[in-house]
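Visitor: I would like to learn how to read the packing, the strands and the ring contacts of a model. Please give the general idea, then the case at hand.

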Amino acid sequence: MRYSFRPPIHRPGDVRQPWFNRAGLVLGLGASWVSLSPSLVPRTWWMTAASVATNQLGGYALGVGLHNLGLRLGERPTPGIRRAAADFRSRTDPARRRGRLHPLTAAMIGGASAVTAAALARSAGAQRRTSELVETRDGGPRAHVIGYAVGTSWWLGGVAFGWVMHWIRSTVAGGVRFISRDLVGPGLASVAGLGAVALTNRLLIAQIARRMVRRATIANRRWADGRRRPAEPERSGGPGSSESYDVLGTHGQAFVADGPRAADLERLRLSPQTAAGQHREPIRVFAGKIAHDSLEDAADAVVAELHRTGAFERGVLVLLTGTGTGWIQDWTPASVEYLTGGDCASATLQYSFAPSGLAFVVDRQGARRAGRVLFERVRRELDSLPAQQRRPRLFAAGESLGAYGGHGAFASIHEMLSSVDGAVWSGTPRATRLWSRIVADRDEGSTEILPVYRSGAHVRFANRPQDLDLDPSGAPYGPWRRPRIAYLQHASDPVVWWSPALIWRRFDWIEELRRRPAPDVITTLRWLPWVTFWQITTDMPRSIEIPGGHGHSYHGEQVRAWAWVLGIELSAAQEQAVIARIASRVRPH
């Protein structure tokens, strides 16, 4: 006796769900080939796997939807058309031909294998070229083959999960139908099925998020590797500080322990004041989340530390907004410290235990609120100082999620220009509303990749350091009036260009790269619906590992940007000397 098994219960009017939908298979394979097209940064095996799997699932879902739509529409044709379709299926279905492989099917399998091999070979070449452009190593053809195989296995697992969800829905529908005697069964079945899937997904995602936050909280309480409690009273956690080093958190400890000291600045004299030996010990202030229950409490602690260390008597005060865990890229404060000879103070606070990616998803408004609360508290304190007291120039800075949060202090570019003496924003996410408004209001003829805003009078964008000096045509800008706002954004930085709208929308920056290629982006980059979104998404984690000057790594360009914003003349030799000094001290986070 021959047995066959198909997915359970097929009620009248239901669309039959086979183990593997052929239309979905075809579109899924096609999507996997397209997903191997080049992106902004070279892929590792897991990046290839993630891109392949997500695009295969999308293609498969589209194929299933089109197939089911065709079945629904096919219920209406004349009996003759239905008989012809059934006859065609009976002649081409291998199962109906007693397991023999139909020649057409064999040809399709062979063709699909050949196209897959060609797509992998082409992808390997594109990845090698991308690696050269961003000055990093490529995983090689083997990594792409492994990634494709793993991604396909994930795709099959996703299809199996979908089939299980269909089985659950069908089972629930059968139970409801048995109870209701077909009176209200179909409606209740749909509601119950959707509810079961939604509840499962919600519980799963919530559980994953809770575990990630819990792990991040535990990690935050560990001491920073290779760091020691600062011996300088000018730093939080040092002698006389009300902020205990033990509870600053991992990245808070790194912030106050790292960076140049007065002795380091003495060896590299950049200005007449420092050349005369008038160097000072840089001030670094940090308030951790462990010791403070609210952002307002942490901001008050920052102000108290600024008073204690004499920060309000320095020439420059920089308010930094960090990432979720309080991490600050040391290139920013160190650049200011070298350029000012230590006559500066840098201050920040921690607002979350979650790493940047998770914080952006679950509590991105927390970053904006942190930036606003700290800025307003310090600005209010500055305004309350006696008129005869020297006031520092106030600057703002942030990178990545820190740039997103730092913009929370300003409702418009006009408010920013009237509130600070300058700012440097690095790798600003596209979700930053103020950044988006500035870019949308750029001068006619300028690009989204490298916008020109109001002729560069106050605000300038830079893919490379020289872009702060020269406009996109290569001609020198006019005078850069104060206050000066600098936006650093690499053409190869996926964090800047990522947006959910990439699923269905072709943004200007992609078209601009076709007309005027960037120095670190491959010329064959193209926008494809659904596909490009997942490519840019999988690019983001590795983009922070790319060498400085590319991807989401903003290193040496910080020196030139801060020299311009601070108004400090810096020769090429001095710039390179500062970059070398900072690079020798910066540690990976």
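Visitor: Which residues of the largest nonpolar core touch the most other members?

Guide: In soluble globular proteins, nonpolar side chains tend to be buried together. In this predicted model, the largest nonpolar core has 100 residues, and L349, V378, W509 and W562 touch the most other members.

Visitor: What is W509 in contact with, leaving aside its neighbours within four places in sequence?

Guide: The contacts of W509 beyond that range are L40, R430, E448, I449, W497, L502, L525 and I536.

Visitor: In what order do the strands of the open sheet lie?

Guide: Strands of a sheet pair through backbone hydrogen bonds, either parallel or antiparallel. Here seven strands form an open sheet with parallel pairing, in the order β1-β3-β2-β4-β5-β7-β6. The edges are β1 (283-287) and β6 (459-462); each has a single partner strand, so one side of each is left without a neighbour in the sheet. On average, and with direction ignored, neighbouring strands of this sheet are turned by 15° against each other.

Visitor: How many bridges pair β2 and β4?

Guide: Six bridges pair β2 and β4 in the parallel sense, and A396 in β4 is the bridge partner of L319. On β2 there is also a parallel pairing with β3 (residues 344-349), over four bridges; there, L317 has A345 as its bridge partner. Strand β4 also pairs with β5, in the parallel sense over five bridges, and G398 stands opposite W425 in β5. Six of the seven residues of β4 are buried.

Visitor: Now the rings. How many aromatic pairs does the structure hold?

Guide: The structure holds 11 aromatic pairs. One of them is Y60 with W155, edge-to-face at 6.3 Å centre to centre and 70° between the planes. Y60 lies in helix α2 (residues 45-74) and W155 in helix α5 (residues 140-180), so the pair ties together parts that are 95 residues apart in sequence. Y60 and W155 are buried.

Visitor: How is the pair of W498 and F533 arranged?

Guide: W498 and F533 form a tilted pair, 5.8 Å centre to centre with 40° between the planes. W498 is in the loop between α16 (494-497) and α17 (508-515), and F533 is in helix α18 (residues 531-543), so this pair ties together parts 35 residues apart in sequence. W498 counts as buried because its relative accessibility is 19%, where the cut-off is under 20%. F533, at 8%, counts as buried too. Ring pairs link W498, W530, F533 and W534 into a cluster.

Visitor: Which residue lies over the face of F507?

Guide: R430 does, at 4.0 Å from the ring centre. R284 lies over the face of F255, at 5.2 Å from the ring centre.

Terms used:
Residues numbered from 1 in each chain as written. Predicted model: local features only at pLDDT ≥ 70, side-chain atom pairs only at ≥ 80, totals over all residues. Heavy atoms only, no water. Phe/Tyr/Trp six-rings, centres within 6.5 Å; stacked < 30°, edge-to-face > 60°. Helix = DSSP H or I, 4+ residues; strand = E, 2+ residues; numbered from the N terminus. Buried < 20%, exposed > 50% of the residue type's maximum accessible area, 1.4 Å probe, protein only. Lys NZ or Arg CZ within 6 Å of the ring centre and 35° of its normal. Core = buried A, V, L, I, M, F, W, Y, C linked by side-chain atoms within 4.5 Å. Contact = heavy atoms within 4.5 Å. Pairing = 2+ DSSP bridges. Axes fitted to C-alpha atoms, helices over the stretch in contact; angles between N-to-C directions.
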